[in-house]
Amino acid sequence: AWRCEATTVSQELTSSADVILEAVLVPQLCSASAELPLELFMALGKHLQCSNAEEVRPHFEALVMRCLKGRGGGISLLQSIAVASGNTIAECQEGGDLWEALACHAAGKLRSVKELELFHCSAPPTSFQRAVLEKMKGWQRYELLLMLGLL
C-alpha cells in the first residue's frame, strides 16, 4: 500500500511540476533566452513537454546561432555535436543553416589530437562527420579520416 501511495504522490508532484513549468517557466525562458547560458537552456530543454518544446525551440535555435557567432558565451564541441545529433530541442536539418554553422564550428574546434579523439568518441551522425570533414584542412583532416576509418 505504501508503494502505491508513494507512486501517486510522485505522479502528483510530477504533474504539478509540469504545470509550473508550463505556466511560469516557459514564458520566462522564452523572454530571457538571449541572457541564459546555453548549458542551462539545454538542460531545461530536456524536460519540456512536446507542446512547450515547440514554443521554446525558436528561442533555443537563435541562442545557439548567437553562441556560434561568439556571443552568449560560445558553444563547446560537445554542445555542437549534441545539437547536430538531435539530442536537443533544436531542429537541426542536414544542410540547413544551423547544420552548416555547427559543422563549420566543429571543424574549427578540431585543432589537436585530443579534440579529434573527443569528436570521434562522441559518435556524431555519419552525415555530420562528413559535413565537418568537408570543412577541415591540414593534418587534422587526415587524422580524423584515419580515426573514422575512411582513409
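Of the 42 residues in the largest nonpolar core, which touch the most other members? They are Phe 60, Val 64, Val 83, Leu 102, Phe 128 and Val 132, where a nonpolar core is a set of buried Ala, Val, Leu, Ile, Met, Phe, Trp, Tyr and Cys residues joined through side-chain atoms within 4.5 Å. This is a predicted model, in which local features need pLDDT of at least 70 and side-chain atom pairs count only at pLDDT 80 or more, while totals for chains, interfaces and linings use all residues. Residues are numbered from 1 along each chain as its sequence is written, and side-chain values use heavy atoms, with hydrogens and water left out.

**Overall architecture**

- The protein has eight helices and zero strands, with helices (H or I, at least four residues) and strands (E, at least two) taken as DSSP runs numbered from the N terminus.
- Buried residues make up 36% of the 151 residues; buried means under 20% relative accessible area, exposed over 50% and partly exposed in between, with a 1.4 Å probe and protein chains only.
- Among the contacts with a separation of 6 or more, 66% come from residues 24 or more positions apart, contact meaning heavy atoms within 4.5 Å.

**The nonpolar core**

- The core of 42 residues receives at least two residues from each of helix H1 (2-31), helix H2 (38-45), helix H3 (50-68), H4, helix H5 (97-109), H6, H7 and H8.
- H3 gives the most to this core, with seven residues.
- Val 132, leaving aside its neighbours within four places in sequence, is in contact with Ala 103, Ala 106, Ala 107, Leu 110 and Phe 119.
- In soluble globular proteins, nonpolar side chains tend to be buried together.

**Aromatic pairs**

- The structure holds three aromatic pairs, rings of Phe, Tyr and Trp (its six-membered ring) being paired if their centres lie within 6.5 Å, with planes under 30 degrees apart counted as stacked, over 60 as edge-to-face and the rest as tilted.
- The rings of Trp 99 and Phe 128 have centres 5.2 Å apart and planes at 80°, so this pair is edge-to-face.
- Because Trp 99 lies in helix H5 and Phe 128 in helix H7, the pair ties together parts that are 29 residues apart in sequence.
- Phe 119 and Phe 128 have ring centres 6.4 Å apart and planes at 40°, so they form a tilted pair.
- Phe 119 is buried, with a relative accessible area of 0%, and Phe 128 likewise counts as buried at 0% relative accessibility.
- Trp 99, Phe 119 and Phe 128 form one aromatic cluster.

**Gln 79 in helix H4**

- Gln 79, found in helix H4 (residues 77-84), counts as buried because its relative accessibility is 10%.
- The side chains of Gln 79 and Glu 39 are joined by a polar contact of 3.2 Å, a polar contact being a pair of N or O atoms within 3.5 Å of which, within protein, one must be able to donate a hydrogen and the other to accept it, and residues adjacent in sequence count only if both atoms are side-chain atoms.
- A polar atom of the Gln 79 side chain also lies 2.9 Å from the backbone nitrogen of Ser 76.

- In helix H8 (residues 138-147), Gln 140, Leu 144, Leu 145 and Met 147 are buried.
- Seen down the axis of H8, these buried residues fall within an arc of 160°, so they line one face of the helix, the arc being that of the directions from the helix axis to the C-beta atoms.
- The buried residues of H8 pack against H6 and H7.
- Ala 123, in the loop between helix H6 (113-121) and helix H7 (126-135), has a positive phi of about 50° although it is not a glycine.
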